[in-house]
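Please open the structure in your viewer and keep the selection panel at hand.

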Amino acid sequence: MSTPATPVQLEWSENGAAHAALWRSENGAPPPKRVVIADDTTTADAAWRLACEGTALLWRGDFQNARQLLQAMGRRAEQKKKKPVVPKSLTEAFHLYRQSQLQRARTLGMLLIPVEAGHRIALRRAPDVAQACSEAYGASNDAYVVSLRELQGVIGAYEWRKKGVPIPALDGKSIHPHYGVFSPVRGEYLDLVAQAPLPVADLAFDIGTGTGVIAAILARRGVPKVIATELNPRALDCARDNIQRLGLEAQVEIEATDLFPAGQAGLIVCNPPWLPGAANSLLDQAIYDPDSRMLLGFLRGLAAHLSAEGEGWLILSDLAEHLGLRSREFLTEAIAKAGLQVVARMDVRPRHAKAADVSDHLHAARAAETTSLWRLKRIDSGSDAAA
């Protein structure tokens, strides 16, 4: 999902007059067709009913009361979700889970906040969000309307960016994720990158670098030159910011390109999204890989970009296998068809809280999940021609 290329207007009627303002949705959601004015007198039941009907509520009351109203609507969403649905399989459970999450996001996204030029909110007890919104959206000379739920995400991302995420493999130094760029809070896969035996390589590629964390770890481990590629403009800015913070500009180059840069390298690393499927939000893009396009693109191009004795590291969770979304045979056949062979594999089990949550409908799959670093080499190591 992406922000619409052209500005979109939200239109509504207020006090008998027609009004309009720019509509902002970083996930590309269209503006609601029906809008009513809401304030401190609006009850949670009324707000929930209107939101479920597809009617948005433009807030004119106290900002903190809007936050409390959104929390109350969230509780009603959870109560609705608890209605008994017995899936026939983990695959069906997963699809039902995604449907419920998408519907929840759409419904809770119906509570809207008006924002004036310069990212200023003129509501009572509203926080100063100018810096947070500037970092997420850029400068704004126009008023706009945004969902409170998205605004809370912007504020939360701003706090994460300030605080940073400590990375043990970087000697405890932090990576600072930007808004819309997946945060490396799950560190299992980074442990694999930090521990896998390095091949002899003067140059490494980090494909789809995101925050730049893998490129930074490779540089810290002594790889003289790392080219990290990315297409997402937010991720490009984020990676450059983190590499500069870590003082690794001399070793790491950030390049805006799709998958591989030109030439060959002795080590090529990729941590693609681990579930096949469509992304419904900015952060979903780091989790969902439509038709396994990035995974297959990496494998199909790897042999041509590896030097004769080089290694490709594919870092991938097997959660898709446990959910019935992709088989192990699909992966191993794709590796073989790409002219690659597996020389070793390193595994790590998840440490996140969901893996231990027995009340989760997907618990069986999450508890069985393993993240692997597949060490791949070219089957034909006699050819050294780059694509």
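**First stop: the sheet**

Begin with the open sheet, in which seven strands follow the order β11-β10-β9-β12-β13-β15-β14 with mixed pairing. Strands (E, at least two residues) and helices (H or I, at least four residues) are DSSP runs, numbered from the N terminus; two strands pair if DSSP finds at least two bridges between them. Select β11 (252-256) and β14 (340-348): these stand at the edges with a single partner strand each, so one side of each has no neighbour in the sheet. On average, neighbouring strands here are turned by 20 degrees against each other, direction ignored.

The model is predicted: local features need pLDDT of at least 70 and side-chain atom pairs pLDDT 80 or more, whereas totals for chains, interfaces and linings use all residues. Residues are numbered from 1 along each chain as its sequence is written, and side-chain values use heavy atoms, with hydrogens and water left out.

**Second stop: a strand pair**

Next, select residues 306-317 (β13) and 371-378 (β15), which pair in the antiparallel sense over six bridges. Within this view, find W313, which stands opposite R375 in β15.

Now select helix α9 (residues 293-305), where A303 lies. Is A303 buried or exposed? A303 counts as buried because its relative accessibility is 18%, the limits being under 20% for buried, over 50% for exposed and partly exposed in between (1.4 Å probe, protein chains only). Leaving aside neighbours within four places in sequence, A303 is in contact (heavy atoms within 4.5 Å) with A338, G339, L340 and R378. Finally, select L203: its C-alpha atom is separated by 15 Å from that of A303, 100 residues apart along the chain.

Methods:
Axes fitted to C-alpha atoms, helices over the stretch in contact; angles between N-to-C directions.
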